[in-house]
Amino acid sequence: MRPPSPSGPLRGEPLAKAREPAKSERGTSGELTLAFKVVHGWKNLADADKGAAVALGNFDGVHLGHQRVIAQAQAAAERLSAPLGVISFEPHARMHFQPDAPPFRLSRPHQLARVVESVGADRLYLLPFGVEMANFSDREFAIQVLSAGLGVRHVAIGFDVTFGKDRTGDPDSMRRYGEELGFSVSVAEAMAVDGVKLSSTRVREALREGRPGEAAAILGRPFAIEGVVQKGRQLGRKLGFPTANVPLGDYAAPKFGVYATRTRLQDGRRLGGVANIGVNPTTGVVEPRLEVWMFDFDEDIYGETIETELIAFLRPEEKFPSIPAMVEQIWRDASRARQLVTQDC
């Protein structure tokens, strides 16, 4: 399944897309464009950070279904001449309620911010999810966070949204609170692309099963792992293919194996490559990590943050009978990955 174009048809409403940011007047200085901003929390905000039309949700991965919700907030923002905001939670509520659950995240805050900015939002509200937030009733959340704290003018939500303690809030209750508190509400319906339901759960399943193309079709872009490059044993360099090692951390672990990849460096360069995701059983088991060999690149990037997109799954991770056998297979993997990454560009 090939990822749809971000502006492609979605059987109804369009995706959120880049737009002219909201404007604001500041005394006699005229209209000024709002710069994108990440706002942490909802208490004691400046007036400039209030009054947005917002999309509300966890938005883990910001898949195409999430982007439909953002598109509804975007339409309201344009109608109301209001800033466009996206509300998410950090950490994810699941990390609060199930701290020992297996890693599951599809995106980290910096990735979320980049995607949200790319679709034209003016504000990303990252609300801290802890004891206080977890104990808000749905009514308290609407009153204290949405109305008093953020001063929202519109709230766009998904058809299956829940909010408040014990998940008692739903779209119908949000509409009631909107009528009471003075903000409008829109609800995005479920959607599918090529018969595939759009959900973060489905993305995780596709990744676990070694289908990054399906994950990309739901996300609207390739799934990517972001992290700080750590120094390893430098075995790859000694064998002729220097790799950058990044721990998987709290990401949902893709199927262990070899992938054709594209990596964005800290300076913005994007390089094709081949990567192994797993525990490296041939040379000594390690914590699950991504080891990416970027083609035609050999620079010191230890300590830098890189983001690696999974373009195609090549083969499962395996334990080779010898280092030479492993090296021979890696060169075959690299040849295939070069072809796939070139075709994908």
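Q: Which element gives the largest share of the lining of the second largest pocket?
A: E15, with 5 residues. Helices (H or I, at least four residues) and strands (E, at least two) are DSSP runs, numbered from the N terminus.

Q: What's the model, and how is it numbered?
A: This is a predicted model, where local features need pLDDT of at least 70, side-chain atom pairs count only at pLDDT 80 or more, and totals for chains, interfaces and linings use all residues. Residues are numbered from 1 along each chain as its sequence is written, and side-chain values use heavy atoms, with hydrogens and water left out.

Q: Back to that second pocket: which residues lie nearest its centre?
A: Gly236, Phe241, Thr243, Asn245 and Glu291, out of 41 lining residues. Elements giving two or more residues to that lining include helix H9 (235-239), strand E12 (244-247) and strand E15 (289-294).

Q: What counts as a pocket?
A: On a 1 Å grid over the protein atoms alone, an open set of points where a 1.4 Å probe fits, with protein on both sides within 12 Å along at least five of seven lines; lining residues have an atom within 4 Å of a point.

Q: OK, and how much space lies in the largest pocket?
A: About 1,300 Å³, counted as the space filled by probe spheres set on the points, which are joined across faces, edges and corners.

Q: Which residues sit nearest the centre of that one?
A: Asn58, His92, Asp160, Val161 and Thr162, among 43 lining residues. H1 gives the largest share of this lining, 4 residues.
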